[in-house]
Amino acid sequence: MSDQTHMLAGHDLAPGDEEQHSVGARILGYVVGLALALLLTATSFFIAGTDLVWQPSIPVALIVLAIAQMGVHLVFFLHITTGPDNTNNVLALAFGLLVVFLVVGGTVWIMSHLNANMPPMDQIMPMRR
Amino acid sequence: MAMTATADRAHADPHHIGVVIEHPGPAPKRIVTAYGFWVFLLSDIVMFSCFFAAYAVLADQTAGGPKGSEIFDQRNVAIETVCLLLSSFTCGMASIAADVRNRFWFYLGMAVTCVLGLIFLAIEFREFADLVARGYGPSRSAFLTSFFSLVGCHGLHVSAGVLWLLTMMAQVFAKGFRADVLRRMMCFALFWHALDIVWVGVFSVVYLLGSGT
Amino acid sequence: MLGKLDWSAIPFDQPIPLIAGAVVLVGILAVLAWVVVKGHLPYLWHEWITSVDHKRIGVMYILLASVMLLRGGSDAIMMRIQQAVAYQSQGYLPPEHYNQIFSAHGTIMIFFVAMPFVIGLMNLIVPLQLGVRDVAFPTLNSVGFWLTATGALLVNLSLVIGEFARTGWLAFPPLSELSYSPGVGVDYYAWSLQISGVGTLVAGINLVTTVLKLRTKGMNYLRMPMFCWTTLASNLLIVAAFPILTATLAMLLLDRYLGFHFFTNEAGGNVMMFMNLIWAWGHPEVYILVLPAFGIFSEVVSTFSGKALFGYRSMVLATMAICVISFMVWLHHFFTMGAGPDVNAIFGIASMIIAIPTGVKIYNWLFTMYGGRIRFATPMLWSIGFMVTFIIGGLTGVLVAVPPADFMLHNSMFLVAHFHNVIIGGVLFGAFAGFEYWFPKAFGFRLDERWGKLAFWFTFFGFYVTFIPLYVAGMLGMTRRMQHYDVAAWRPWMLVAAVGMAVLTIGVICQIMQIVVSIRNREALRDRTGDPWDGRSLEWATSSPPPVFNFAFNPDVRGEDAYWDMKAHAKQQSHEHDAPEYHDIEMPRNSPTGFVCAFFATIMGFALIWHIWWMVVLGGIGAFATFVVFAWRDHDEYVIPAEEVAAIDRVNLAERRDLVSMAGTV
């Protein structure tokens, strides 16, 4: 033990708290976030309604845009960063996202297989006829 | 003294081998409260993910009823989305005002947030009432069941948020910007912003994906 | 006015629940009368019911779990007797009553015995082990406990008012849908779980935040006692999994109350989605229960072997691995329901993989014991009994993780034997080990060892005599939940299992005797040093029972096994502290918020079950008002002056100095 140096670590930041900024800088952050979010939302709505792009790409594009916008919200409104004082917040978020991914992805995957092997009643009945 | 010793050691040992970072002890209340609420929000998002999963599974089960593209009104959804985005911004303004203890801007920010939230709820309520009146209520088909539950669950959260917001304003009016009030305000802001994130999922997955194809 | 509620709800034609209910009611009234007459009511109200002290709340959780264990145990006895006598006959329980009993048994044992027991132990010990004064959110802690109690109350209310679910402990649709279960049984089930689920979620958030944000100075992650690590993992699972249960039950309730079509057979609803979602919660739930037990065994084995835990880091890694992998195995609960070979194979492999970190833990405990100076005290007996029993349960688990084998064994008595093997052998043995180990810390006197050892041996052998026959019956093709049967080959095994149940009952009686005897001999069993087992972690560094503030000073931790190091250090220097300078301590004030909130939740839950809508609104407004009143209070803390802290701490230090000097002379 004695050959080790003991350093005292600082506390993490609270989720939602920013590092020290002036009021002007903070307002600017929200303005930038709002602008980006509105831009991404507008793009989503535009892409969903247009026939200018290749149709099968639309669902993928919508999902990518949605994830991007969630990222914008996390960074500019919830102030989640990759800084060392945010480790705990980001780890909790990562665990939550993993579970969300497992639950949604797993459910869709499992249910599609169950439906293929054992269709619900109202789909079996017409098949029998 | 200790500082220089640490600094020397850091130079001699750039990769911090042999340096033990000591935990500084219990965190201040503001961090503890916000972190606890953050964990709650994550659990809430897991709950939403179940309703999203149910929607994904049941979206095609229309049982002879209407499909999504027949009942969704993109214009309404766009207005709802803009309302929520703007309310997130005004909520941010209100929390800055609370941090610098400016009552006027706090009340203004919260009031605008509240009005925007109520407009959102009113539009959603009208959409639901309209669908039910046309006979497309949640018991019409599994698709409508999952649609009403997912969107309604978000709507209930917004309603709870509005109730919380009004309580928050009353509390600042009665108690001023006390430390515990500020902590609650921070939690409220987290809650409101998180609802916005859920809404991004809702309008992308339900309304936009659902109205295509 | 009263919704569906009328006199027909009370089962006048069924003597068993009515008599049981009457006995319990008389018991409760007698206790209440005694409390009021003796003038203990103010004490109870100020010191326990409104308490926000994590130690008191932990004790109340364990008390709730113990009472519910008796209720769930009576259900078990009734089922074993029924299956012993119902060979080519109807037995003594009619089917609709038998179905309620096995549903209530499962629900109560998981949600109102196992959960409160482990949450209670975590509440009681984790802040002490972390060297802090309370959990992160003391008042919410109290709210969480009282909401759990509300759930338990509603389940037991169903005994005399209305009925309980007849659907099994997970209420699978379409049986649990309105068309097949039109009574209030499923509603009792769902609402009591929704309300207690909120309580569990609150407890989970509270403990995650406590471990991650409230550790004493120098308590780095890799210096935390193993129990704190398993608490962290278990509560992360609570936070991530319980919302899934809430959502799933909400969907079922929407189906039942508002005619939605999530899980119905009509209009495109999908029954299998319920299996899928409920098990996405259900499998992590298994690990929520067993991980804290693993932590308890780690503490007990290391203390009673007089050695540091072997492979501490591998243990941490194994714990966190289980925490993540437990979310990837849920399909193995419905292998037989048609997912196809590729899905089954992947979930089968994942289910086998999760046995690996568990195996790592078993080896670590064995190596901890290896070469140690082992003391066979009661907690250690429970731990060794666990290792033997849990390995058998784990191996049968790996067996049913193989999909083709599962097709043979699914829903048979083999499965029943398997999960009782892991839950009794893992969770219950762990809870008892923790109970024996930490009882002196909570109450200041040790438990009687003779009765404790008797309880262990009766429970241990009773368990085997009860459940090994069930394995055999399962392999002979007996399915679970049978009210009667005609197969002669099963009969002897059911009779043996009934004998085993009698032995288990003797074990429970010994446990009760142990507590009674220990309370009567408490002066002889008094623990004056606060360290009766020669412990290693910080909970033993304070007096037994600890003062309300736990530690006069937040301890400064320098390594693993913090208190062991402190003792070694103190022996070298032959004194523990120089005369320290004491400071005022601020502690959270007690609050009736939890109790009042649970009162309104009970009203609301009852009203929802019986469709009494005005009462629902009333309960909701009451609960909201309670929180507003709480948010409005001006003083949330009180100060314990430095002199009082000093007076309490000096007594503790004096006792401890005697101990250390005695140990020095040996």
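In chain C, 84% of the contacts with a separation of 6 or more join residues 24 or more positions apart, a contact being two residues whose C-beta atoms, placed from the backbone, lie within 7 Å. The model is predicted, so to speak of local features takes a pLDDT of at least 70 and side-chain atom pairs count only at pLDDT 80 or more, while totals for chains, interfaces and linings use all residues. Residues are numbered from 1 along each chain as its sequence is written, and chains are lettered from A and ligands numbered from 1 in the order in which they are written.

Let us stay with chain C for its overall build. Chain C has 20 helices and two strands, where helices (H or I, at least four residues) and strands (E, at least two) are DSSP runs numbered from the N terminus. Its radius of gyration, taken over C-alpha atoms, is 25 Å, close to the 26 Å from the globule rule for 666 residues, so chain C is as compact as a globular protein of that length; the rule is 2.2 Å times the number of residues to the power 0.38. The C-alpha trace of chain C spans about 75 × 60 × 45 Å along its principal axes.

The largest nonpolar core has 297 residues, a core being a set of buried Ala, Val, Leu, Ile, Met, Phe, Trp, Tyr and Cys residues joined through C-beta atoms within 7 Å. Its largest share, 23 residues, comes from α8(C). Among the residues with the most contacts inside this core are B:L190, C:A114 and C:I244. Beyond its neighbours within four places in sequence, C:A114 touches C:M109, C:L289, C:I423 and C:V427.

Next comes the meeting of two chains. The contact takes 39 residues from chain C and 34 residues from chain B. On the side of chain C, the elements giving two or more residues are α6 (185-213), α7 (226-258), α8 (271-305) and α19 (613-632), and α7(C) supplies the largest share, 10 residues.

A last stop is C:D636, in the loop between α19 and β2 (637-640) of chain C. C:D636 counts as partly exposed because it has 14 C-beta neighbours inside 10 Å. Leaving aside neighbours within four places in sequence, C:D636 is in contact with C:P588 and C:R589.

Conventions. A residue is buried if 20 or more other C-beta atoms lie within 10 Å of its own, exposed if 12 or fewer, and partly exposed in between; C-beta atoms are placed from the backbone.
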